[in-house]
Amino acid sequence: MPTLEVNDLRIRYTRSGPEILKGVSFNVEKDDFFAIIGPSGAGKSTLIRCINRLVEPNGGQIILNGKIITNMGKHELRAARRNMGMIFQEFNLVERMSVMDNVLSGRLGYVGTFRSFLRWYPRSDIQRALELLEKVGLADFVDKRADELSGGQRQRVGIARALIQQPQLLLVDEPTSSLDPKIARDVMRMIKSMSQDAGVPVLCNIHDVQLALEFSNKVIGLQDGVKKFDGPTGAVDKSTLDEIYAMEVL
Amino acid sequence: MSEAVYGSKFQQILSRRKKHKAIRYALYGVVVILVLFSIESTIIGDTDWDRIGTIGSVFRALARFLPPDFSLFAQLLKPTIETFMIACLGTMLSLILAIPVSWFAAYNITPYRPITYPIGRGIMTLSRSVHEIVWGLIFVSAVGLGAFPGILAISMRSIGFISKLTAEAIEDIDPGPLEAIRSTGANQLQVILYGVIPQILPVYLGNAIFQWDINIRRATIMGLVGAGGLGLTFHRQLVMYNYGGVTTVIIAILFLVGIGEVGSYYGRKAIL
C-alpha cells in the first residue's frame, strides 16, 4: 500500500475562476523522495497545500496510509495533520519565540490548549526537540529568538519542527527559494538524510530542476495544473524538461 | 516624435498644469472663507463682550489663582493616589475587555464574520464616540459615587482605542506562521496563541502604555461628575471660590501627568 495516494485532485479558488489543478493523480511510496517540478503558476504550492487541506480541494481523493483525508471532519483532520510535517519556503517560524519553543510548537497537535498556553510540554518532547536541534546543528541556539537567526538556520529550525511531529509524510514547499545556492544544497541534503533516518517519505515541490534531479528518486512534472510527467528521476531527460517547461514565457 | 506632435503635447501639459493651479487656488479660497465664517459666528457673535472688560481685569481675574493654597496639600495625597489607581485599574480592565473585542473585530480571525465582526466594530465605535465624562455620568448613576464608576468609565472609553489598533495589527500579521501552526494539527485557539499573539504583542503593549498615559489625564477630571479622584477636590475648590486651592490641585495633576510621561517613556523603551 502506498503511503500517500492522490486521485484526480481538482481545485479552483473561486467558482468562476480557472481550475488550478485539473485532475492530478499519483502515489508516494514509503521510501520515496518525490520532487514536484514545473514552471511558476503550475500549481505546485497548491498541490502541496491540498494534501493537508490548508487549501480545500474541490474534487478528488487524498488517502494517507489508508485514511481518506478529503472527507474528514474538522477534528479528524487535525489528528491527520499531526501525521504530516510541513516545511515552508519562508520558514514560517514564530519570530518572537525561542528556537526551542518553535521546535516544540510541532507538538501542538498532541498537547492540550491549556498546556500549550503555559508551554508545558512533556519532558520527552523537550528531549526529542533537543536531539533534533543537535542533529541540525543548532544545539547552541536553543534559547535564541528565531528572528536572530540567519535564513539557513531558520530553515533548519523548520526542519526540526516538522520532524518532531514524527510524521508519516513530509510536505516540503520550495525549501530553498529564500536561500543562497550553497545553503540551499546543505538544506536539501539535511532534509534528505533526516527523512531517511526517520523513514519518512518526502513530497517536495521545488522549481530548481538541478536540485530536484540531484536529491529525488521520483519526479512529477506539473504544467498548468496537469501532470505532464511521473516517473523515476533517472528517466528525466532534456525532452521531458522541454515538455514540462514548454509553456514558460518570461 | 515629430516637431508638431511634440509642440501640441507641450501645449497640452501646460494647459493641464494651469487648470490644476486654478483648482488649488479655488480650494485655498474656500478654506479661508470657512475659517472667517467660523470666527464670525463663534467668537465675534457668541462672546459676551461686556463681561470681559478691560485687559487689566482679565489679568486681575487670572491673578486670583496665585499664590497656590499650600494648606490643601495634606488633603490632596489621598485623591492623588486614587486618581492614579483609577487610571491604572481602568487601563488594566480595558486591556482585558479589549481582547475579545479585537478578536471579534479583526477581519481575518473573527469567529463568525457575518455576526461577530459587526459586533466587534460596533463596540469599538460606541466606546470611542462617547466621551469619558458621559461614561462617568452613566456609571455614577448605575453604581453610585466613588472611584469604581471612574474605573469603569475609563475602561469603557479605552476599549475602543486599544481594540481598534490591536484588531488592525491582527489584520496586518504575516499569515505564514499561522499556516505552519495549523499544519501541525493545532486547534484554532492554539493557532491564535502561537501564530497571532506573538506577532501583535509589542503593538498591544505599546498601545497599553500610551493609553495608560492618556487615562491618567482622564482620571483627573472624573471627579467632576462624582467618579472619584482629584477632579472632586478641584470642583470643590472651584465652587468655594478658593482659586489658590484650584492652583494647588492643578499642580498635583501636573505631577501625576509627569509620572505618566516618564513611566510611558521607560515602558516603551523596555518593549522595543
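## A right-handed helix pair

In chain A, helices H6(A) and H7(A) cross with a right-handed sense. Keep in mind as you look that this is a predicted model. H6 covers residues 151-163 of chain A and H7 covers residues 181-198 of chain A; they pack at about 15 degrees, and their axes sit 10 Å apart. Angles under 35 degrees count as roughly parallel, and H6(A) and H7(A) are therefore roughly parallel to each other.

Who touches whom here? On the H6(A) side you'll find Gly151(A), Gly152(A), Gln155(A), Arg156(A), Ile159(A) and Leu163(A), and they meet a set in H7(A) that includes Ile183(A), Asp186(A), Met190(A) and Met194(A). Val187(A), Ile191(A) and Ala198(A) are also on the H7(A) side of this contact. Sorted by class, the contact has eight nonpolar residues, three polar ones and two charged ones.

## The sheet and its helix

Now for the strands. Chain A has an open sheet of four strands, in the order S2-S1-S4-S5, with antiparallel pairing. At the edges are S2 (19-28) and S5 (67-68) of chain A, each with pairing on one side only.

Take S1 (residues 4-12) of chain A: seven bridges tie this strand to S2(A), and the two run antiparallel.

## Two domains in chain A

Chain A splits into two domains. Taken over C-alpha atoms, the centres of the two domains of chain A are 26 Å apart.

How many residues do the domains bring to their contact? Seven from domain 1 of chain A touch seven from domain 2 of chain A. The domain 1 side of that contact has three nonpolar, one polar and three charged residues.

## Where chain A meets chain B

Between the chains, 22 residues of chain A are in contact with 18 residues of chain B. On the chain A side, the elements giving two or more residues are helix H2 (74-81) and helix H4 (113-117). By class, this side of chain A divides into nine nonpolar, eight polar and five charged residues.

Notes. Residues are numbered from 1 along each chain as its sequence is written. Chains are lettered from A and ligands numbered from 1 in the order in which they are written. This is a predicted model: local features need pLDDT of at least 70, side-chain atom pairs count only at pLDDT 80 or more; totals for chains, interfaces and linings use all residues. Two residues are in contact if their C-beta atoms, placed from the backbone, lie within 7 Å. Ala, Val, Leu, Ile, Met, Phe, Trp, Tyr, Cys and Pro count as nonpolar, Asp, Glu, Lys and Arg as charged, and the others, Gly among them, as polar. Axes are lines fitted to C-alpha atoms, for helices over the stretch in contact, and angles run from 0 to 180 degrees between N-to-C directions. Angles under 35 degrees count as roughly parallel, over 145 as roughly antiparallel, 65 to 115 as roughly perpendicular and the rest as oblique. A crossing is left-handed if the near helix is turned anticlockwise from the far one by less than a right angle, and right-handed if clockwise. Domain bounds come from an automatic or database domain assignment. Two strands pair if DSSP finds at least two bridges between them.
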